[in-house]
Amino acid sequence: MAKSALLKSSIAKKVAMALSGLFLILFLAQHFFINSTSVFSPDTFNSISHFMGNNPLVQFVIQPILIVGVIFHFTMGIVLEIKNNSARPISYAKNNGAANSSWASRNMIVSGLVVLAFILLHFYDFWVPEMVYKYVDVNPLNETRYFEELTHKFVSPVRTAIYCVSFVLLSLHLWHGFNSSFQSVGFNNKYSRSLHKLGYAFAIVVPFGFIFIALFHHFNH
């Protein structure tokens, strides 16, 4: 009975982590769409950013949910990884993991922690200044400031390099995480194969799209 309860608890945690991961994927896609407009139309980027930054639903509902989702997803990932490691027999360490799994699947905790560090840096870099601008300094609304603020972040080659490396690791994290999320929630039907391909495409296109945006602004500032 205890083992059954433990198994159910573990499955529930995996499902909860998978659902939070899928939520973060949707946020990432939306974030990528907004940032990509900065390459083609600064005015469009300013307009969308101003709307998102001053919409009460986004600011006081969606944004707090996102922050909680980020904390929950990575905390649960660390907890599950620790439990999995403690449950493995010692002989497992002698096996050649590379023969049965990819680097991404064997190092989800590593890439996850790096991605978490990057997200925290991103919040510090963009979200904190935004909060200070609006609620601490109480500056007047400026609908054209967002593009300049974005491009200014990519002047530094060090900051740009950190940004790019972080998104490479995010790509590896998504490569395994996207598909494992659907497996965790029991999505397994005739559409699974197509969904896996979509997941792999997302893991490449979106992170490397962010890298392109960063490099574009760095070399065109």
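Me: Is Val138 buried or exposed, and at what relative accessibility?

Reply: The general idea is that buried means under 20% relative accessible area, exposed over 50%, and partly exposed in between, with a 1.4 Å probe and protein chains only. Val138 has 58% relative accessibility, so this residue counts as exposed. Please keep in mind that this is a predicted model, in which local features need pLDDT of at least 70 and side-chain atom pairs count only at pLDDT 80 or more, while totals for chains, interfaces and linings use all residues. Residues are numbered from 1 along each chain as its sequence is written, and side-chain values use heavy atoms, with hydrogens and water left out.

Me: Where is Val138 found, and what is its phi?

Reply: Most residues other than glycine have a negative phi. Val138 is not a glycine, yet its phi is positive, at about 50°. Val138 is found in the loop between H5 and helix H6 (145–153).

Me: How many helices and strands does the protein have?

Reply: Helices (H or I, at least four residues) and strands (E, at least two) are DSSP runs, numbered from the N terminus. Here the protein has 8 helices and 0 strands, and its pattern, read along the sequence, is α-α-α-α-α-α-α-α.

Me: What percentage of the residues count as buried, and how much accessible surface does the protein have?

Reply: Of the 221 residues, 38% count as buried. Accessible areas come from the Shrake-Rupley method with a 1.4 Å probe, and for residues only the protein chains shown count as cover. By that method the accessible surface comes to about 13300 Å², of which carbon and sulfur atoms hold 70%.

Me: Which residues is His73 in contact with, leaving aside its neighbours within four places in sequence?

Reply: Contact means heavy atoms within 4.5 Å. With those neighbours left aside, His73 is in contact with Met17, Ser20, Gly21, Leu24 and His173. His73 has its place in helix H3 (residues 56–87), and at 10% relative accessibility this histidine counts as buried. His73 and Met17 lie 56 residues apart in sequence, while their C-alpha atoms are 5.3 Å apart in space. For the protein as a whole, among contacts with a separation of 6 or more, 80% are between residues 24 or more positions apart.

Me: Which residues is Asn46 in contact with, leaving aside its neighbours within four places in sequence?

Reply: Asn46, in helix H2 (residues 42–54), is in contact with Glu143, Thr144, Arg145, Tyr146 and Phe147 once those neighbours are left aside. The relative accessible area of Asn46 is 7%, so the residue is buried.

Me: How much space lies in the largest cavity, and which residues line it?

Reply: On a 1 Å grid over the protein atoms alone, a cavity is a set of points where a 1.4 Å probe fits but cannot get out, and lining residues have an atom within 4 Å of a point. Grid points are joined across faces, edges and corners, and a volume is the space filled by probe spheres set on the points. The structure holds 1 cavity of 30 Å³ or more, and about 80 Å³ of space lies in the largest cavity. Its lining consists of Phe118, Leu121, His122, Asp125, Phe126, Lys153, Phe154, Arg159 and Tyr163. Helix H5 (108–136) and helix H7 (157–184) each supply at least two lining residues, and the largest share, 5 residues, comes from H5.

Me: How many aromatic pairs does the structure hold?

Reply: Rings of Phe, Tyr and Trp (its six-membered ring) pair if their centres lie within 6.5 Å, and planes under 30 degrees apart count as stacked, over 60 as edge-to-face and the rest as tilted. The structure holds 6 aromatic pairs. The rings of Phe212 and Phe216 have centres 6.0 Å apart and planes at 35°, so this pair is tilted. Phe212 and Phe216 are 4 residues apart in helix H8 (residues 192–220), and are therefore separated by about one helical turn. Ring pairs also link Phe32, Phe154, Tyr163, Phe167 and Phe210 into a cluster.

How values were computed: On a 1 Å grid over the protein atoms alone, a cavity is a set of points where a 1.4 Å probe fits but cannot get out, and a pocket is an open set with protein on both sides within 12 Å along at least five of seven lines; lining residues have an atom within 4 Å of a point.
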